[in-house]
Amino acid sequence: MKTGKKRIKKKPLRKTFKLGKLNIPIKGRLDYKSKEWKFLQEYCEKRNGGKVCVRSNKDCFGAIHLHHKKPLKNGGTNKPNNLEWICHLHHCIIHPFMIKLLIQKIR
């Protein structure tokens, strides 16, 4: 005898999203030399009107980095709404380990 409950089929999770002509992985770190990462950089640059630190003030310093607002390890994605341009100084404030790496390169 059936209980009358319907089984709901779950849709498979999408592993990529389409941006322009490219299928970009939603999860996982992209190689900074890959065409997908370069396309994301160009897309975010056009969206923001250039490479401008979103936390801009008088103290901005160094190169501009594309930063994940919500880290990939905490469930963040590579989608453009999770990416922002920030200067090297602000990126080091968010990720202190970057300062250690920079000091090691200088030595």
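## Pockets and a surface patch

Strand S3 (64-68) supplies the largest share of the lining of the largest pocket, five residues. Strands are DSSP E runs of at least two residues and helices H or I runs of at least four, numbered from the N terminus. The model is predicted: local features need pLDDT of at least 70, side-chain atom pairs pLDDT 80 or more, while totals for chains, interfaces and linings use all residues. Residues are numbered from 1 along each chain, and side-chain values use heavy atoms, without hydrogens and water.

A pocket is an open set of points on a 1 Å grid over the protein atoms alone, with protein on both sides within 12 Å along at least five of seven lines; lining residues have an atom within 4 Å of a point. Volume is the space filled by probe spheres set on the points.

| Largest | about 610 Å³ | ten nonpolar, seven polar, two charged residues |

The largest pocket has 19 lining residues; Arg29, Leu66, His68, His91 and His95 are the closest to its centre. H1, S3 and helix H3 (97-106) each give two or more residues to this lining.

The second largest pocket is lined by His88, Phe97, Met98, Leu101, Leu102 and Lys105. H3 gives the most, five residues.

Phe61 sits in the loop between helix H1 (35-48) and S3. With Leu89 and Ile93, Phe61 forms a nonpolar surface patch of about 310 Å² accessible area together.

Note on methods:
Patches are made of residues with over 30% relative accessible area and no salt bridge: like charges are joined within 9 Å, nonpolar side chains (Val, Leu, Ile, Met, Phe, Trp, Tyr) within 5 Å. Accessible areas come from the Shrake-Rupley method with a 1.4 Å probe; for residues, only the protein chains shown count as cover. A salt bridge is a side-chain nitrogen of Lys or Arg within 4 Å of a carboxyl oxygen of Asp or Glu. On a 1 Å grid over the protein atoms alone, a cavity is a set of points where a 1.4 Å probe fits but cannot get out, and a pocket is an open set with protein on both sides within 12 Å along at least five of seven lines; lining residues have an atom within 4 Å of a point. Ala, Val, Leu, Ile, Met, Phe, Trp, Tyr, Cys and Pro count as nonpolar, Asp, Glu, Lys and Arg as charged, and the others, Gly among them, as polar.
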